[in-house]
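Trainee: Could you walk me through how to read a model like this one? I would like to learn the terms as we go.

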Amino acid sequence: MQSHTSNPFGSGGDAASSSSASPRGAVGSGRLGAVSIPLHAAGQEFSYLFELFMHDYDALPIALYRHDEADDVCYVYTGPSPATALRASDIVFFLAPAKSMARIFSDNPPRARGQQGAGGK
């Protein structure tokens with residue numbers, strides 16, 4: 001079996017290229033990113049992660065990338081219910097201003113599967 005990191009989208013997870021500049025204040029000035037959820041959020045509800053990302057990063061969490069170990073299937077859960085329990089192995093997709101991306105990535109580094117801590121599945 002291959003060794004996987006918890007972020008299959010590469011280091012950084014920024015889906016937008018740095019060369020795609022938008023005029024200041026333009027609607028399309030945000031970026032799509034994906035990072036491992038903070039370990040302290042494992043076991044919490046999605047509403048906790050939502051508030052954390054909005055407050056700390058001005059970022060909008062929109063989906064979770066999950067691995068179901070029982071069926072060995074990975075999937076993206078879009079628009080999770082606020083009551084959805086977070087797993088340490090979850091990766092959150094989010095939209096954020098370009099200025100927030102570096103801080104989000106440095107605060108939430110990728111983890112190898114064995115480094116998920118308590119609450120991971």
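Trainee: Where is Ala41 found?

Mentor: Ala41 is found in the loop between E1 and H1. Before going further, keep in mind that this is a predicted model, in which local features need pLDDT of at least 70 and side-chain atom pairs count only at pLDDT 80 or more, while totals for chains, interfaces and linings use all residues. Residues are numbered from 1 along each chain as its sequence is written, and side-chain values use heavy atoms, with hydrogens and water left out.

Trainee: Is Ala41 buried or exposed?

Mentor: Buried means under 20% relative accessible area, exposed over 50%, and partly exposed in between (1.4 Å probe, protein chains only). Ala41 has 0% relative accessibility, so Ala41 counts as buried.

Trainee: Which residues is Ala41 in contact with, leaving aside its neighbours within four places in sequence?

Mentor: Contact means heavy atoms within 4.5 Å. By that rule, and with those neighbours left out, Ala41 touches Tyr48, Leu49 and Leu86. Another distance to look at is the 8.1 Å between the C-alpha atoms of Ala41 and Arg87, which are 46 residues apart along the chain. For the whole chain, 68% of the contacts with a separation of 6 or more are between residues 24 or more positions apart.

Trainee: How many helices and strands does the chain have?

Mentor: Helices (H or I, at least four residues) and strands (E, at least two) are DSSP runs, numbered from the N terminus. Here there are two helices and four strands, and along the sequence they follow the pattern β-α-β-β-β-α.

Trainee: In what order do the four strands form the sheet?

Mentor: Two strands pair if DSSP finds at least two bridges between them. In this chain the four strands make an open sheet with the order E1-E4-E2-E3, and the pairing is antiparallel. Strand E1 (30–36) and strand E3 (73–78) stand at the edges with a single partner strand each, so one side of each has no neighbour in the sheet.

Trainee: How many bridges join E1 and E4?

Mentor: Seven bridges join E1 and E4 in the antiparallel sense, and Arg31 stands opposite Ala96 in E4. E2 and E4 are also antiparallel, over five bridges, with Phe93 in E4 as the bridge partner of Ala63. Finally, six bridges link strand E2 (residues 60–68) to E3, where His67 stands opposite Cys74. As for cover, five of the seven residues of E4 are buried.

Trainee: Which strands does helix H1 lie across?

Mentor: Helix H1 (residues 46–57) lies across E1, E2 and strand E4 (91–97), at about 135° to E2. Helix H2 (residues 98–107) packs on the sheet too, touching E1 and E4, and its direction makes about 145° with that of E4.

Trainee: How many salt bridges does the structure hold?

Mentor: A salt bridge is a side-chain nitrogen of Lys or Arg within 4 Å of a carboxyl oxygen of Asp or Glu. The structure holds two. In one, Asp90 pairs with Arg66, with the closest N and O atoms 2.8 Å apart. Asp90 lies in the loop between E3 and E4 and Arg66 in strand E2, so this pair ties together parts that are 24 residues apart in sequence. Both Asp90 and Arg66 are buried.

Trainee: Which side chains meet at 3.7 Å, N to O?

Mentor: Those are Arg103 and Asp107. They are four residues apart in helix H2, so about one helical turn separates them. Arg103 is partly exposed at 43% relative accessibility, and Asp107 is partly exposed with a relative accessible area of 40%.

Technical notes:
Axes fitted to C-alpha atoms, helices over the stretch in contact; angles between N-to-C directions.
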